[in-house]
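Let's take a walk through this model together.

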Amino acid sequence: FFDEMGGMFGSMMGMKKPWTKAIIDAGFPKVSEERLAPLIAYLEFCLKQVVANNELGGIMQLLNGEFLMPAPGGDPIRNPDVLPTGRNMHALDPSAIPTAAAVEVSEDVVRKLLEKLKDENDGMYPESIAFTLWGTDNIKTYGESLAQVLALVGVRPVPDSLGRVNKVELIPLEELGRPRIDVVVSCSGVFRDLFINQMNLMDRGIKMAAEADEPLEMNFVRKHALEQAEELGVSLREASCRVFSNSAGSYSANVGLAIENGGWEDESQLQEQFL
């Protein structure tokens with residue numbers, strides 16, 4: 001009550017809110033308190049969620065056999081719904097990534113990356129880019145690095161009515177405005193375990209790009225796949241395989257396993273194992 005009365009009195013006297021004054025002092029004199037109000041209210045809500053620590057309370061509920069409300073995990077900056085803590089945390093629905101927000105962020109990242117590489121290469125686009133996809137990274141970002149791979153190839157993930165991403169489509173070159181960049185993707189063991197369907201989506205999208213009847217100077221995926229198909233004597237579809245991981249149940253590069261088993265004589269063998 002007193003805060004509201006103080007705010008009303010301050011407004012009548014022409015006084016600025018503390019945060020408005022801080023923003024003006026930071027060099028933004030045209031800030032509007034009215035337009036800023038919803039953002040400040042939301043930030044206050046987030047602050048209350050951050051300090052609402054119910055870790056011990058949640059543990060006691062579980063020990064008493066009581067129901068504990070579920071909540072998503074992840075980065076509170078990307079998804080404030082992960083707060084407050086002390087609830088029954090779960091990761092995410094693997095079939096729902098990349099999310100629309102992750103796709104939007106990844107498109108901006110890819111655009112800036114290609115602009116930078118183009119400037120460093122006398123105005124030429126890179127023809128191939130290698131990626132390593134990690135499970136925990138894609139959990140925290142809701143599939144941003146996965147979406148970056150699709151964006152480079154010029155493929156758009158298509159969610160269904162429930163938000164599940166089980167389909168991809170080629171972005172027309174006219175809309176893309178640049179060549180399709182070839183990619184080589186190495187997926188960690190955890191990523192393979194959690195996102196096997198997304199690996200299939202990437203593979204499907206890359207093969208769609210390789211099989212698209214487009215000029216080779218605008219489709220580096222097709223250009224390289226055709227070269228490899230001729231060199232190796234395989235079909236275009238086989239030559240366009242770009243998504244790789246360890247076999248099921250295997251993790252990292254197995255260098256540690258080789259060391260434990262003593263099946264090596266010099267470091268070059270371990271280097272070869274890693275590669």
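Start with Ser 106, which touches Glu 144, Ala 147 and Gln 148, leaving aside residues up to four places away in sequence; touching, or contact, means heavy atoms within 4.5 Å. Keep in mind that this is a predicted model, where local features need pLDDT of at least 70, side-chain atom pairs count only at pLDDT 80 or more, and totals for chains, interfaces and linings use all residues. Residues are numbered from 1 along each chain as its sequence is written, and side-chain values use heavy atoms, with hydrogens and water left out.

Ser 106 sits in helix H5 (residues 100-120); helices here are DSSP runs of H or I with at least four residues, numbered from the N terminus. With 0% relative accessibility, Ser 106 counts as buried (under 20% relative accessible area, with a 1.4 Å probe and protein chains only). Its side chain reaches the backbone oxygen of Val 103 at 2.8 Å.

Now for a helix pair. Helix H7 (residues 144-153) packs with helix H10 (residues 196-211) at an angle of about 10°, their axes 10 Å apart. Axes are lines fitted to C-alpha atoms over the stretch in contact, and angles run from 0 to 180 degrees between N-to-C directions. H7 and H10 are therefore roughly parallel to each other, a label for angles under 35 degrees. H7 brings Leu 146, Val 149, Leu 150 and Val 153 to the contact, while H10 brings Gln 198, Met 202, Gly 205, Ile 206 and Ala 209.

Notes: Helix = DSSP H or I, 4+ residues; strand = E, 2+ residues; numbered from the N terminus. Buried < 20%, exposed > 50% of the residue type's maximum accessible area, 1.4 Å probe, protein only. Polar contact = N/O pair within 3.5 Å; in protein donor to acceptor, adjacent residues only side chain to side chain. Parallel < 35°, antiparallel > 145°, perpendicular 65-115°, else oblique.
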